[in-house]
Amino acid sequence: MAGEPQADCLFCKIVAGQIPATVVRETETTVAFRDINPQAPTHVLVIPKVHYPDAASLAAAEPGVASDILIEAGRVALDEKIVEHGYRVVFNTGSGAGQTVFHAHAHVLGGRGLQWPPG
Ligand code: AMP
Ligand code: ZN
């Protein structure tokens with residue numbers, strides 16, 4: 001069924017508590033945890049508890065949860081005190097764009113200057 005946990009999915013395992021993560025926030029529908037390979041002083045991933053391969057498929061199937069991801073991204077930015085300086089919310093989509101984990105997730109990046117356009 002759409003949204004069900006996938007046995008071979010790293011982020012479903014983090015949601016289930018089968019793989020440890022440094023969780024910074026959790027809601028009924030989302031988990032936010034620190035990226036294991038941070039690309040900025042703040043690098044937090046916000047993921048839905050339901051499994052969809054990318055942000056667009058999540059938004060199409062469960063728009064309320066997609067909205068929760070954006071709300072939580074904003075709360076992470078507030079908690080991390082990166083709002084004033086500016087931060088970036090990124091959804092890599094597809095391997096050509098750098099997506100390596102095919103469970104929807106937002107990267108929240110900040111705490112340093114961020115180049116535009118991104119690489
Ligand atoms: P993406 O490349 O956009 O699919 O993002 C996947 C992110 O997950 C990368 O930034 C990885 O560093 C991160 N990552 C992979 N494994 C873990 C883990 N066990 N805990 C936290 N972050 C992870
Ligand atoms: Zn998953």
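The model is predicted, so local features need pLDDT of at least 70, side-chain atom pairs count only at pLDDT 80 or more, and totals for chains, interfaces and linings use all residues. Residues are numbered from 1 along each chain as its sequence is written, chains are lettered from A and ligands numbered from 1 in the order in which they are written, and side-chain values use heavy atoms, with hydrogens and water left out.

The largest nonpolar core has 15 residues. A nonpolar core is a set of buried Ala, Val, Leu, Ile, Met, Phe, Trp, Tyr and Cys residues joined through side-chain atoms within 4.5 Å. Buried means under 20% relative accessible area, exposed means over 50%, and partly exposed lies in between, with a 1.4 Å probe and protein chains only. Ala-32, Val-46, Leu-58, Ile-69, Val-76 and Val-108 have the most contacts inside this core. Strand E3 (42-48), helix H3 (63-80) and strand E5 (106-110) each give it two or more residues. H3 supplies the largest share, 6 residues. Helices (H or I, at least four residues) and strands (E, at least two) are DSSP runs, numbered from the N terminus.

Leaving out residues up to four places away in sequence, Ile-69 touches Thr-30, Val-46, Ile-47, Pro-48, Leu-58, Phe-91 and Ala-106. Contact here means heavy atoms within 4.5 Å. Another core, of 9 residues, lies apart from the largest one. Its members include Cys-9, Val-31, Phe-33 and Val-101.

Cysteines were examined next. Cys-9 counts as buried because its relative accessibility is 6%. Cys-12 is also buried, at 8% relative accessible area. A search of the whole structure finds 0 disulfides, a disulfide being a pair of cysteine sulfur atoms within 2.5 Å.

Ligand 1 has 15 residues around it. A residue is near a molecule or strand if one of its heavy atoms lies within 4 Å of it. Asp-35, Asn-92, Gly-98, Thr-100 and His-107 come nearest to ligand 1. An N or O atom in the side chain of His-107 is 2.8 Å from an oxygen atom of ligand 1. For the side chain of His-105, the corresponding distance to an oxygen atom of ligand 1 is 2.9 Å. On the nitrogen side, a nitrogen atom of ligand 1 is 3.2 Å from a polar backbone atom of Ile-36. The protein covers 84% of the 500 Å² of accessible area that ligand 1 has on its own. Accessible areas come from the Shrake-Rupley method with a 1.4 Å probe; for residues, only the protein chains shown count as cover.

Ile-36 lies in the loop between strand E2 (30-34) and E3. Ile-36 is exposed because its relative accessible area is 85%. Its C-alpha atom is separated by 21 Å from that of Gly-96, 60 residues apart along the chain.

His-107 also meets His-43. A polar contact of 2.8 Å joins the side chains of these two histidines. A polar contact is a pair of N or O atoms within 3.5 Å; within protein, one must be able to donate a hydrogen and the other to accept it, and residues adjacent in sequence count only if both atoms are side-chain atoms. His-43 is found in strand E3. At 5% relative accessibility, His-43 is buried. Its side chain also reaches the backbone nitrogen of Gln-39, at 3.0 Å. Beyond four places in sequence, the residues touched by His-43 include Phe-33, Asp-35, Pro-38 and Val-108.

Leu-109, in strand E5, is another residue that His-43 touches. The C-alpha atoms of Leu-109 and His-43 are separated by 4.7 Å, although 66 residues apart along the chain. Leu-109 is buried, at 12% relative accessibility. Its other contacts beyond four places in sequence include Ile-82, Tyr-87, Val-90 and Leu-114.

Val-23 is found in strand E1 (residues 23-26). Val-23 is partly exposed, at 41% relative accessibility. Not counting residues up to four places away, Val-23 touches Val-31, Ala-32 and Phe-33.

Two backbone features remain. Lys-81 has a positive phi of about 60° although it is not a glycine. Lys-81 lies in the loop between H3 and strand E4 (87-90), and is exposed at 73% relative accessibility. The peptide bond from Trp-116 to Pro-117 is cis, with omega near 0°. Pro-117 lies in the segment after E5.
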